[in-house]
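My notes follow in the order I made them.

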Amino acid sequence: LSLALYTSSLCAASSAAFHYHDYCVIGAGPSGLQAAYFLQQAGRDYVVFERSHAPGSFFALYPRHRKLISINKQYTGKSNSEFNLRHDWNSLLSHDGRLLFRHYSRDFFPNADAMVHYLEDFASLLKLQVQYNTAIIHVTLERDEQAWNGHYFLLTDQDRQNYKCSSLLVATGMWVPNVVNFPGSEYVEGYETVSINPEDFAGQTVLILGRGNSAFETAENILGVTNFIHMVSRSRVRLSWATHYVGDLRAINNGLLDTYQLKSLDGLLEGDLEDLAIVKDKKGKLHITLRFYLENRNTSAGIDSITLPQDELDNFATRAPYDRIIRCLGWKFDFSIYNRSLRLMPGKGNKKKYPQIKPSYESRGTRGLFILGTASHSVDFRKSAGGFIHGFRYTTRAVHRLLENRHHGVPWPSTVYPITQLTNSIIKRVNEASGLYQMFSVLADIILLRENATAFEYLEEYPIGVLAELEMQTGRKAPNGLFVVIMEYGRNFSGADKDVFYYNRAVGEAQHAWQSNFLHPVIYYYKHLPTEREMKLRPPDWPLPRPDAVHHIVEDFLTDWTAPNAHILPLRRFLENCLSTDLRNFFAESCFFFAFTRQKLPPFCRQGYVGMQGLVGSEGLRRHAVEAGLLEDYTPRDFSGDRTPDSHEGSQDQLLRDHVIPVRPLQHLINAKDE
């Protein structure tokens, strides 16, 4: 008995050594703070662990040359805050109007120091629960059937302090430099440590390994002082305006493309970096050779005993020696702190720098482990903006909503409208929603139809990769069909080899809307919620399975989809065809006429006129409707074609003033007619 009591006390002491929270967030960068904001607003028990003394430590060092490539547009000509977020790529989502990035910088491409200041204020003004100077060095699992996910996450920091949580949100970003090892790679300087003073490169010849924005940013900084700069990478340069992917080369950094194509000594080369080797001569110059030349040779024996490519090919492109070689190959996720029990595995192919996750941003290996922010970009890599603030602020909100439903029984937020508001609801969202606009082809608005299509339920910005799981993930039911509203580019418009400036690149006619190239709304209609199998078998490059019907709203030069004939009318007719109903709005006079001439009133008349709602009549409104062809002109005329005397006009005005018709007699007439 004593032994049992002693063992029990040890277990209790061990359990007490863990600080418990429902949610643990690792990393106080933008995505970690965004997750903390939503958890705090919901009143959840959470903590954020940050290894540095302040949030956003990545931005304290990177980008090295301090200019962000995320745009900060001060003016859009509109006061709609949701619309303006489409062109604000730095602000996080919050209820506090002070925490918009435009209050911290007026530069179109802001300085990174402004981001550090912004994140500090975001954490402090909102009083987020961030534990600084806490580096999590190990994460493992503890099985427990009573836990939310069948296990707890056990975290250990640098001081051997232990923490336990039910759900783990990883927001550490990508900060481990990508390094390629080859003979002589010890002579290469890393982007993370290389000098940013251009004078240190004066009169030097430089080779840059890499082809992304960090490589071109580095080249841009020293372009005017070097002899020449060469840049080598295994793939050709990809321009963001051609691929429509913001992670590709941006125009602000592409000065070296000018000097290359305009014959000013600089140049770009393609080649596999793992096939290279670097040899240093007695003068400290660095020579490029190929790995197979060094096989069975001692690289320390001296350059004279090593075969160089120019010994066999005298016009070898990189035959000139270099003074410096700089590695700018980006970053990868840090897998080192996660125990094998979590089964957090790297992706495959060009996604191997990211952890494997589901379209719901949950780890494929461990339930309850979610990846947020830049590290979650494998879901939409090279497609959308999920690796950047203006994208993952919305995916982080989506993850929070999934967790609220799973663990707290709070369904995905939704609004129920009468079916007559369907067209207006879609038009409003496609014209102002920032989440749909930034996370195109990834997040979508879901419209769940009620029985007999009399009403609908509107869910905003749901991850379409888990559309088949919608009922389970949101707590909402979809028994009567649904519409999916999404933004897309044209199928064959984006790509590194595409000419996006070709003549007649834009479509302007509604009948050719399906050929639209630029970002535009697309509405998918499904009679039944797609299954998991249908999601897997969807056509290549399609974000969704083949629908029962699909409608493209024609692209618009102003991204303003409010044109009555080009945008709204085709959309309304598409919706009417899908629902087999009439979604037009009618004047009271028309509804009154339909009550005596039709067996079934249009929804607007049933929900509006019969319910004593709708437009109040007036002579001016009636005249406008007549001139527009919306109403018949019932004004009596004499045999000469002139209007009858003013006495009748007075009675007509009296009719218009007495616009309210008692509902019970009208309903009685309708029922009598139906019988």
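I began with a pair: strand 9 (residues 205-209) and strand 10 run parallel and are joined over five bridges. I count two strands as paired if DSSP finds at least two bridges between them. Helices (H or I, at least four residues) and strands (E, at least two) are DSSP runs, numbered from the N terminus.

This is a predicted model, where local features need pLDDT of at least 70, side-chain atom pairs count only at pLDDT 80 or more, and totals for chains, interfaces and linings use all residues. Residues are numbered from 1 along each chain as its sequence is written, and side-chain values use heavy atoms, with hydrogens and water left out.

I looked up single partners next. V206 has I229 of strand 10 as its bridge partner, and L209 has V232.

I wrote down the whole sheet: it is open, has five strands in the order 8-14-9-10-11, and its pairing is parallel. Strand 8 (189-190) and strand 11 are the edge strands, each pairing on one side only.

Last, I asked whether strand 10 (residues 228-233) is covered or open. Six of its six residues are buried (under 20% relative accessible area, 1.4 Å probe, protein chains only). F228, H230 and V232 lie on one side, and I229, M231 and S233 on the other.

Note on methods:
Buried < 20%, exposed > 50% of the residue type's maximum accessible area, 1.4 Å probe, protein only.
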